[in-house]
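Reader: I have a model open and want a quick tour. Where do we begin?

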Amino acid sequence: MNTSAERILTPARAGREAVIWEMQRNPNVFFIGEDVVHMGGVFNTATGLAKEFPGRVIDTPISEEGFVGIAAGAAIAGMRPIVELAFADFMLVCLNPLANYAAKTHYMSGGQFKVPLVMMVGAGGGYNNGAEQSQCLYALPAHFPGLKVVVPSNAYDTKGIMHAAIRDDNPVLVMYHKATMGVGWLGPAIPTTLSQVPEEDYVVPLGTASILRQGTDITLVGLGWTVHQCLIAADALADNGISAEVIDLRSLVPLDKATLIESVGRTGRLLVVDEDYLSYGVTGEVICCCVEHDIRMFKSPPKRIAYPDVPPPASRSLEGRCMPSHDKIVAMAHDMVHS
Amino acid sequence: MSGTSIEISSDLLADEQEGVVTMWLYNDGAHVTKGAVIAEIMVEKAQMEVLAPEQGVLRILVPAEGVICKGAKIGEIDP
């Protein structure tokens, strides 16, 4: 009997499995970040790694610019570091090694150096952690040419994307939403984040979106946690006779424009749902790539739901109002279809 | 024929302490191999693994989000 096919994993566990597989086979892969040795990472990205790979899992001081710089340098010199950065907000204190060294060295050296760096980045709110530990900031690294940015939303994709990221010769940011990881102290796992995960290795190619649910009236596009809000909304919309297609963006850079355009071409309506800030962000980029392709395919103006342009409030009631939600998606999709 | 108990090791919890089953990695009725990680439990925000004591068919007694105490039996493995 095939037991592995029945095995259900959380994204945290599935991602770890890919890291372990790669570390077992490639001595150049190492893992570095805050609280990764004893704690196993704030969101369990490194649980048990230090025991299995002594000397190759490195705890760092609270000095992001330092250890991201170490990792970028090691990658340029031929190693394959995996950096754990528990909070996307901390990208702001390591932007120089990230956006200058990791992103640009391949270009500035005329292709002589590669930077096979992976950075796992915890993102998102919903835990009343305040403005410095709740942001998504997906669009920030996606803005810098030279970085690949992916956002898996479930266990199967997390494992396949981690394999692809570690094997990629470019710097890749794997941004995971805290609420999708299946970490016990953050509450029960979201059912649609759990997947049956094969024990063998496999790759989910970077730069591919995934159609999670087919529909004919409207295309809902989400990433990370908002994918699961879109899926709940699609169920509710179906009860009201509206057939919603749900696309998991999975990758911001490269952006899978073909899948987006093909879907909107069929449904004629596009609603993009993001937990990163509204202005100058992911929602605008996704809408723009479809509008630029052919504005005539739209039956109604494309819409977006994103984080309002305010730093995340710590107050539970205020943060709840700022977050995208399936209720907001249902209301807006309803308006779009019946406008 | 009765199965092999899946019990929470008595040294994981103090007498009055409670924990929770955070998830099962297999559905009820799945075939599991001895030593496989089959469940995750949490005690005081620390997550721990539960391994299959035997191979066989998993019978879940305490579902995900169920509360556990010292020495709790959370499931069985049927031969």
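Author: With chain B. This is a predicted model. Chain B exposes about 4,100 Å², and carbon and sulfur atoms supply 48% of that area.

Reader: What share of the accessible surface of chain A belongs to carbon and sulfur atoms?

Author: Take the total first: chain A has an accessible surface of about 13,300 Å². The share that belongs to carbon and sulfur atoms is 56%.

Reader: How many helices and strands does chain B have?

Author: Read along the sequence, the pattern is β-β-β-β-β-β-β-β. The count for chain B is zero helices and eight strands.

Reader: Which radius of gyration does chain B have, and what would a compact globule have?

Author: Chain B has 79 residues, and 48% of them count as buried. Its C-alpha trace spans about 35 × 20 × 20 Å along the principal axes. A compact globule with 79 residues would be near 12 Å, and chain B agrees, with a radius of gyration of 12 Å.

Reader: Which strands are the edge strands of the open sheet in chain B?

Author: The sheet has four strands in the order E1-E8-E6-E3, with antiparallel pairing. An edge strand pairs on one side only.

Reader: Why call chain A as compact as a globular protein of its length?

Author: Chain A has 11 helices and 14 strands. The globule rule gives 20 Å for 339 residues, and chain A is close to that, so it is as compact as a globular protein of that length. Its radius of gyration is 20 Å.

Reader: Among contacts in chain A between residues at least 6 apart in sequence, what share joins residues at least 24 apart?

Author: Buried residues make up 58% of chain A, and its C-alpha trace spans about 60 × 50 × 45 Å along the principal axes. For chain B, the share of such contacts that join residues at least 24 apart is 56%. For chain A, the share is 81%.

Reader: How many residues of strand E5 of chain A are buried?

Author: Check both faces. A:Val118, A:Met120 and A:Gly122 are buried on one side, and A:Met119, A:Val121 and A:Ala123 are buried on the other. E5(A) is therefore largely enclosed by the rest of the structure, and the count is six of six.

Reader: Which residue in E5(A) is the bridge partner of A:Ile82?

Author: Strand E4 (residues 80–85) of chain A pairs with E5(A) in the parallel sense, over four bridges. The bridge partner of A:Ile82 is A:Val118.

Reader: What covers the buried residues of H8(A)?

Author: In H8 (residues 257–267) of chain A, the buried residues include A:Leu260, A:Ile261 and A:Val264. An α-helix has 3.6 residues a turn, so residues three or four places apart point the same way. The cover includes strands E9 (210–213), E10 (218–222), E11 (244–248) and E13 (270–277), and helix H9 (282–293), of chain A.

Reader: Which residue just after H8(A) takes a positive phi?

Author: H8 of chain A covers residues 257–267. Just after H8(A) comes a residue with a phi of about 80°: A:Gly268.

Reader: Last one. How many positive and negative side chains does chain A have?

Author: Chain B has 5 positive and 13 negative side chains. In chain A the centres of the two sets lie 3 Å apart. The counts for chain A are 25 positive and 35 negative.

How values were computed: Residues numbered from 1 in each chain as written. Chains lettered and ligands numbered in written order. Predicted model: local features only at pLDDT ≥ 70, side-chain atom pairs only at ≥ 80, totals over all residues. Heavy atoms only, no water. Helix = DSSP H or I, 4+ residues; strand = E, 2+ residues; numbered from the N terminus. Rg over C-alpha atoms; globule rule 2.2 N^0.38 Å. Buried < 20%, exposed > 50% of the residue type's maximum accessible area, 1.4 Å probe, protein only. Contact = heavy atoms within 4.5 Å. Areas by Shrake-Rupley, 256 points an atom, 1.4 Å probe, with all protein chains shown as cover. Lys, Arg positive; Asp, Glu negative; His and termini not counted. Charge placed at Lys NZ, Arg CZ, Asp CG, Glu CD. Pairing = 2+ DSSP bridges.
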